[in-house]
Amino acid sequence: MAVGSVRVGPAASRSGLRLRELLDHERFLGPAFVTPALLLIALLVAYPFVMALYFALSNAQIGRPSEFVGLRNFVGLWQSDSFRQTFQNAFVFTGIAVAFKLVLGISLALLLNEQLWVKRLIRGAVLLPWVIPTALSTLGWWWMFNSLYSVVNWSGIALGLMDPPGPNWLGQKYYAMAAVIAVNVWRGLPFFAITLLAGLVSIPKELYEAAEADGASASARFWNITLPLLKPVLAVVVLFSTIFTFSDFNIVYVLTHGGPINSTHLFATLTRQIGLESGQIGQGAAISLYLFPVLVFVVFVQLRFVRRQVY
Amino acid sequence: MAVRRRPLRTKVLLHLAMLPFLAFAVFPFYHMTLTSLKTDRELYDRHAVPLLIRQGPTLEHYTKLLWETAFLTWTKNSLLVTGIATAVSVVIGTIAAYALARLKFPGVGTFGTGIFVTYLVPTSLLFLPLAQVVHWLGLADSKWALVVTYPTFLVPFCTWLLMGYFRTVPKEVEECAMVDGATRIQALMRIVLPMAIPGLICAALFAFTLSWNEFIYALTFTSSSDEITASVGVTSELIRGDIYFWGGLMAGAVLASVPIVILYVFFLDYYVSGLTAGAVK
């Protein structure tokens, strides 16, 4: 590749020359290159975050001046049934969904790592739920869980697994939670499987050959080679998934709107209901800030243990 | 390296084990598409088999969607927002990533950590105060609010992804060019960027996908039928009082996914590498 040599003609102005010299200077170019990103983050991430903190400590409502009320919002939340229910839901939802994604994700990654026949097609199909807009695919699930025409129940009855008419998925407490968890697992599984597959591929084949030569069984190879070497990738995937499952909004909003009787509300959907639909911005902001400790935890672990080699 | 050959029986068993996963992944889309092609009579016949079309496929739900709703406006909005937000974010992300991967200046480490932390901030943490900011900017109920706010999650992602790609371009190639008289900017434009093209494609694809799929900001910042995006339009405006709307709803969900599916079919490998980059690199 030819790089044309640059000659600054006599016509070039002094300031042009100065700028060119400056642009070659790392101490100038570096900050200049990060400024747009920095401004964006300062104005539309850091500043709104500070606003959220202020809102949470005030009695702000839509269209009314606000006053500082200290921690009253946070205390008040614990007296409301809907919040206590939401708090519990968030942990149940995240815990069960991440556990399922982890176990199914490892199994799927191990399968994908084998020599399969139509590899590309299979990969494409497996990744599909991750690519399609979640709000739209969740509409499809909403129809699949419809109380009258549920194809899930139809199949269950046809296979003899359910007694007709089958459960009213979105109308009963525990079934509704099971439904939103199922959709979250469906949507998040590709991320686990594909990322863990990348981790599997990077494990040296020689280790398996040596273990096999020593007579180690398939399960011994899995527990003693695969799992330990996969640990760093597993940690990252679980941490990522935890924060994004905990803060999920789309699936619950479309599928159940938090119902029946708050039994599937998560912090994000309750934030919207209290903060926007009822106009209690202060309370809404306080609810959304419950996502923050989880974020801090994930960031801390990531920076401390996982990305230590980078920075 | 010799690829370990498996006996045929094991291979068949492996494929059989794969089947439930494939069915789980694909069935919702199959069922959505099928529903969108059924006549209302068959759709609401409780004795019909829901897995098949018996009474001939029909396009009536699609024609209704296109000509009797604002679906085309919503799609146009989505394309506009996604296109601009993607272009802006890839440019900002590219220069920021280059600075992080290559340049030494005070505060580079802190900035890198800041980008990473922002990358992890979920949109549902900030939509409430951001709605206020959008209001102050005079962008309430405007698709431009989305053009302005989408880069907040696209730029950190693009920066993070591209940083990895820039690190794979050997420093020496760039230094050679600079010894030959090229300025740093020229070296970036003619040497580093061409070598990082797969990364740029990947960043653009993901930025496009993430903003096309974005829901909570679009739902919060826009509401009138002229300004909303396809996902919001389909989820909020196609659901009517009567219960006979499922065909149209599923047609909307299918059609609004088409742009992403087209990209996906052509660039599958980029999606696979981009998905793992965030976590593994």
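**Reading a predicted two-chain model**

Chain A of this predicted model has a radius of gyration of 26 Å, whereas a compact globule of 311 residues would have one near 19 Å.

Me: What does the C-alpha trace of chain A span along its principal axes?

Reply: The spans are about 90 × 75 × 35 Å. They may be read beside the radius of gyration of chain A, 26 Å.

Me: How many helices and how many strands does chain A have?

Reply: Chain A has 14 helices and zero strands.

Me: Which domains does the assignment give for chain A, and what distance separates their centres?

Reply: Domain 1 covers 21-56, and domain 2 is made of two segments, 81-279 and 290-306. Over C-alpha atoms, the centres of domain 1 and domain 2 of chain A are separated by 34 Å.

Me: How should I approach the inside of a protein?

Reply: In chain A, 42% of the 311 residues count as buried. The largest nonpolar core has 160 residues, and Ala193(A) and Leu255(A) touch the most other members. The helix that gives the most to this core is H8 (residues 173-201) of chain A, with 15 residues. Because domain 1 (21-56) and domain 2 (81-279 + 290-306) of chain A both give residues to the core, it lies between them.

Me: Which residues is Ala193(A) in contact with, leaving aside its neighbours within four places in sequence?

Reply: Ala193(A) is in contact with Gly105(A), Leu108(A), Ala109(A), Leu112(A) and Val126(A). For chain A as a whole, among contacts with a separation of 6 or more, 67% join residues 24 or more positions apart.

Me: How is the meeting of two chains described?

Reply: The size of an interface is often given as the accessible area lost when the parts come together. Here one may count residues instead: 88 residues from chain A and 84 residues from chain B take part in the contact. On the side of chain B that touches chain A, helix H1 (residues 8-36) of chain B gives the most, with 14 residues. That side of chain B divides into 56 nonpolar, 23 polar and five charged residues.

Me: What pLDDT does chain A average, and where is the pLDDT below 50?

Reply: Chain A averages 86, and 92% of the residues score at least 70. The pLDDT is below 50 over residues 1-12 of chain A, a stretch with 15 contacts in the model beyond near neighbours in sequence.

Notes: Residues are numbered from 1 along each chain as its sequence is written. Chains are lettered from A and ligands numbered from 1 in the order in which they are written. This is a predicted model: local features need pLDDT of at least 70, side-chain atom pairs count only at pLDDT 80 or more; totals for chains, interfaces and linings use all residues. Domain bounds come from an automatic or database domain assignment. Two residues are in contact if their C-beta atoms, placed from the backbone, lie within 7 Å. Helices (H or I, at least four residues) and strands (E, at least two) are DSSP runs, numbered from the N terminus. Ala, Val, Leu, Ile, Met, Phe, Trp, Tyr, Cys and Pro count as nonpolar, Asp, Glu, Lys and Arg as charged, and the others, Gly among them, as polar. pLDDT is the predictor's confidence in each residue, from 0 to 100. The radius of gyration is taken over C-alpha atoms; the globule rule is 2.2 Å times the number of residues to the power 0.38. A residue is buried if 20 or more other C-beta atoms lie within 10 Å of its own, exposed if 12 or fewer, and partly exposed in between; C-beta atoms are placed from the backbone. A nonpolar core is a set of buried Ala, Val, Leu, Ile, Met, Phe, Trp, Tyr and Cys residues joined through C-beta atoms within 7 Å.
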